[in-house]
Amino acid sequence: MDRSLRRGISLGGTLDGGGLALDDGWFDAIRDAGLDLVRLPVRWDSVAADRVDRAVEGGLARGLAVVLDVHHFEGTDAAFLALWERIAARYAGADPRLAFELRNEPHDPMTATAWNRLLRDALRVVRARHPERAVIAGPVARNVIAALPTLQLPDDPHLLATVHHYLPFRFTHQGAPWIAGADAWLGTSWGTAADRARIRADLATAAAWARGRRLFLGEFGTRDAAPMAARAAWTALVRAEAERLGMDWAYWDFATEFGAFDVASGSWRAPLLAALRG
Ligand code: BGC
């Protein structure tokens with residue numbers, strides 16, 4: 001990533017083992033919509049590396065910045081470092097608009113102490129071949145803003161911090177089949193003055209922590225079970241606040257049930273796209 005503010009979207013549900021077939025035309029749709037970054041969540045043990053290469057090239061060929069993210073990694077620390085050695089070798093000399101995100105949402109049982117050590121080691125592996133490439137790392141507890149104070153990043157001018165924002169969770173994840181009890185959240189609305197103030201305060205907390213370090217709001221989004229008007233208002237506010245605070249961002253996501261794009265009709269969901277464009 002270069003120094004300009006990047007606005008993007010994750011291709012969730014594709015290379016992360018979600019079962020959606022990535023269509024090369026999606027990169028055109030993303031570029032034509034005026035976005036300039038695509039985040040590729042990759043479950044490296046379940047996808048052929050040449051599919052990842054094609055996606056990276058698909059984004060770069062359209063002039064998009066590409067964030068390559070290690071998603072759903074559950075192996076040992078040694079396996080994690082070996083994976084980064086492989087990725088770093090594979091993309092040696094790649095376009096500078098390719099960025100590496102070390103690990104999506106590190107979480108329990110990974111402690112902050114263990115993660116701070118591991119991310120430092122992984123960064124060292126990457127830096128051996130990519131001294132100036134943008135590298136991204138976020139805190140434990142699934143990259144939530146509240147965990148930022150536990151994150152210790154090495155002094156490195158090309159290292160960005162990332163956070164994910166899905167609050168209020170009962171609104172964004174209402175009905176999510178993978179969360180026990182989420183059906184009881186169906187019908188949760190959002191949009192009061194207090195709701196809006198809370199988002200501003202949370203993102204301001206992240207910006208205050210960063211103190212000059214670049215921040216990437218790497219995921220934010222809502223499921224389609226929430227009412228569209230509230231989804232669009234939430235998305236517009238999170239996106240606008242992130243930009244006001246100087247953060248790069250990527251909406252979660254393009255084509256799953258969070259998606260701003262309707263694959264069946266081949267068109268953007270207009271209220272969500274408008275919220276992202278501002
Ligand atoms: C996960 C997805 C999930 C999304 C929102 C992502 O990091 O990979 O499975 O839908 O977060 O919770």
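By buried I mean under 20% relative accessible area, with exposed being over 50% and partly exposed in between (1.4 Å probe, protein chains only). Before I go on, this is a predicted model, where local features need pLDDT of at least 70 and side-chain atom pairs count only at pLDDT 80 or more, while totals for chains, interfaces and linings use all residues. Residues are numbered from 1 along each chain as its sequence is written, and side-chain values use heavy atoms, with hydrogens and water left out.

Back to Val 140. You'll find this residue in helix α5, residues 140–143. Helices here are DSSP runs of H or I with at least four residues, strands are runs of E with at least two, and both are numbered from the N terminus. So what is Val 140 in contact with, leaving aside its neighbours within four places in sequence? The answer is Pro 106, Met 110, Thr 111, Ala 112, Trp 115, Ala 147 and Thr 150. Contact means heavy atoms within 4.5 Å. Thr 150 is ten residues away from Val 140 in sequence, and their C-alpha atoms are 7.9 Å apart in space.

Now, the overall picture. Eight strands close into a barrel, going β1-β2-β3-β4-β5-β6-β7-β8, and the pairing is parallel. On average, neighbouring strands of this sheet are turned by 25° against each other, direction ignored. For angles, axes are lines fitted to C-alpha atoms, for helices over the stretch in contact, and the values run from 0 to 180 degrees between N-to-C directions. As for pairing, two strands count if DSSP finds at least two bridges between them.

β1 pairs with β8 in the parallel sense over three bridges, and Gly 8 stands opposite Ala 250 in β8. There are also three bridges in the parallel pairing of β1 with β2, where the partner of Gly 8 is Leu 37. β1, helix α1 (residues 25–32) and β2 make a right-handed β-α-β unit. Right-handed means that, with the strands pointing away from the viewer, the path from the first strand over the helix to the second runs clockwise.

Next stop, β3. How many of its six residues are buried? Six of them are, so to speak, under cover. Ala 65, Val 67 and Asp 69 sit on one side, with Val 66, Leu 68 and Val 70 on the other.

β2, α2 and β3 form a right-handed β-α-β unit, and so do β3, helix α3 (residues 77–90) and β4. Moving on, β4 (residues 98–101) and β5 (residues 135–137) run parallel and are joined by two bridges, with Glu 101 partnered by Ile 136 in β5.

Last one: helix α8, residues 228–244. This helix lies across β1, β6, β7 and β8, running at about 170° to β7. That's my tour, thanks.
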